[in-house]
Amino acid sequence: MAETSTPENRSRRPSPSYSVTYRLEITNVPGMLGKVTSAIGAAGGDIGAIDIVEVRRGVIVRDITVSAADEAHSEEIRRALESMDGVRVVSYSDRVFLAHLGGKIETSPRMPVKTRDDLSLVYTPGVARVAEALARDPDTAFKLTVKGSTVAVVTDGSAVLGLGDLGPIPALPVMEGKALLFKTFAGVNAFPICLGVRDPAKIVEYVEAISPSFGAINLEDISAPRCFEIEEELRRRLEIPVIHDDQHATAVVVLAGLTNALRLVEKELSEARIVVCGVGAAGTATIRLLLSAGAREIIPVDREGILSSARDPWRRWVVERTNPRGVRGGLAEALKGADVFIGLSAPGVLDRSALELMAPDPIVFALANPFPEIRPEEAQPLARVVATGRSDYPNQVNNALCFPGLFKGLLDVRARGVSDGVLLAAARAIADVLRTDELHEEYIVPSIFDRRVVPSVARAVAEQAVAEGLARRRQKPAAG
């Protein structure tokens, strides 16, 4: 969930996501650059590149790139620079916004069109023969079109990141980013589809209507409980995989990280007492996958306390399968003697006093983003393993560890759908990327830049899809 940034709730930990380049006109006398860098450091900024732009009589113009904690912090740094004698802030630019100019993705041709012969092959008259072939056998589209390598990234903008209901247009850069990661990490084509409708029946209708162009559907940033209904109905109607990434990819990476964390503390999943705080889309899917993996004691907690009743069928499913000891109360009562805390909820809901109630060697996954349920600095003295959803702390539980390889594996075998077995295979593959001698309290999941991840996940997913009869073909043929 999002939180207004204030000095009280901000960790003041600089991040590249708030990287600003200040163009400064500095009086060209010895020692001035040192004073400027000292002022930035005193304001809490983390200096990156320093470049000379121009030297004129008496002044030197420099670009200084600084990482701040958030937008307000970058403004504080700017004001500190403006207050200095001999320094003028000519301009400043947010590198995040610069990176988004013109969008982050584009389509590009796979073959040149330079002659009439080229044109006749890729378009009329040659393409007519391909169209006729597809009319005879529609499954040929997986081989002869982009369908076999392309995912639709679909949202209505009702639950964008942790920012809430922003709508489809503000969701577009997020969906572009997801498409960029698909291509970068797995070579999978993806395209953002931001729908201007909210009615679940309409969303299902529109996604079904566009589905012939895609080999899989990635639902993203759709609010609960609507997301459950939409996913369930699309899976019933379509013969391609439909995955709500916020649910299932998150659950896969949580299970992978927890598998390795439990290995470190020498506890078994089947014996661990697990508290899941936040029973929305990600929390519900995580509980489901943990149960499928063999967990026996999970206590679900929402903002009212331990979940004991529910109106909608999805939360009712959770109530019926969790909390076997019938614990009552709030988060503190749930955490008494617990081995694992998994937070998929809101900033600051876990305090040290509740953490002290947990069993020895507790595992804390504080995954609310960007502000976790408890700051890692507070949790680390008491917890054996701490994970967050942030990239600037160790053990980032990031669904980007899952979805590129997951979708690639499904596309490679032209899967008709997805199952809990496939998701469990993906989780095992991610966990097993790290050898036993690599495991450490601050290294329970691999980096998303680890080149072993996507091939391992794709291979495991493809094999499981074949084993379960979900595949149209047994393996991807060799290139060429």
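Me: What makes β6, β5, β7 and β8 a sheet, and in what order do they lie?
Reply: In this predicted model, the four strands form an open sheet in the order β6-β5-β7-β8, with parallel pairing. Two strands count as paired if DSSP finds at least two bridges between them, and strands themselves are DSSP runs of E with at least two residues, just as helices are runs of H or I with at least four, both numbered from the N terminus. Four bridges join β5 (residues 150–155) to β7 (residues 216–219), so this pair meets the requirement of at least two. Within that pairing, V153 has N218 in β7 as its bridge partner.

Me: Why are β6 and β8 called edge strands?
Reply: β6 (189–194) and β8 (242–244) each pair on one side only. Neighbouring strands of the sheet are turned by 20° against each other on average, with direction ignored. Helix α16 (residues 403–412) lies across β5, β7 and β8 and runs at about 160° to β7; such angles run from 0 to 180 degrees between N-to-C directions, with axes as lines fitted to C-alpha atoms, for helices over the stretch in contact.

Me: How do you know how the model is numbered and which parts of it count?
Reply: Residues are numbered from 1 along each chain as its sequence is written. Local features need pLDDT of at least 70 and side-chain atom pairs count only at pLDDT 80 or more, while totals for chains, interfaces and linings use all residues, and side-chain values use heavy atoms, with hydrogens and water left out.

Me: How do you know that the length of α7 fits a helix?
Reply: The expected span is 1.5 Å times one less than the number of residues. Helix α7 (residues 168–186) has 19 residues and should therefore span 27 Å, and its end C-alpha atoms are 26 Å apart, which agrees. Just after α7, G187 takes a positive phi of about 70°.

Me: Why is D245 called buried?
Reply: Buried means under 20% relative accessible area, exposed means over 50%, and partly exposed lies in between, using a 1.4 Å probe and protein chains only. D245 has a relative accessible area of 0%, so it is buried. D245 is found in helix α10 and, leaving aside neighbours within four places in sequence, is in contact (heavy atoms within 4.5 Å) with residues including K178, N218 and F403.

Me: Why does R78 count as buried, and what does its side chain join?
Reply: R78, in helix α2 (residues 71–82), has 14% relative accessibility and therefore counts as buried. A polar contact of 2.9 Å joins the side chains of R78 and E82. The term requires a pair of N or O atoms within 3.5 Å, where within protein one must be able to donate a hydrogen and the other to accept it, and residues adjacent in sequence count only if both atoms are side-chain atoms.

Me: What makes a group of residues a nonpolar core, and which members touch the most others in the largest one?
Reply: A nonpolar core is a set of buried Ala, Val, Leu, Ile, Met, Phe, Trp, Tyr and Cys residues joined through side-chain atoms within 4.5 Å. Of the 82 residues in the largest core, L258, I274, L290, I342, I363 and F365 touch the most other members. Helix α10 (residues 245–265) gives the most to this core, with 12 residues. A second, separate core of 22 residues includes F142, F214, C227 and V242.
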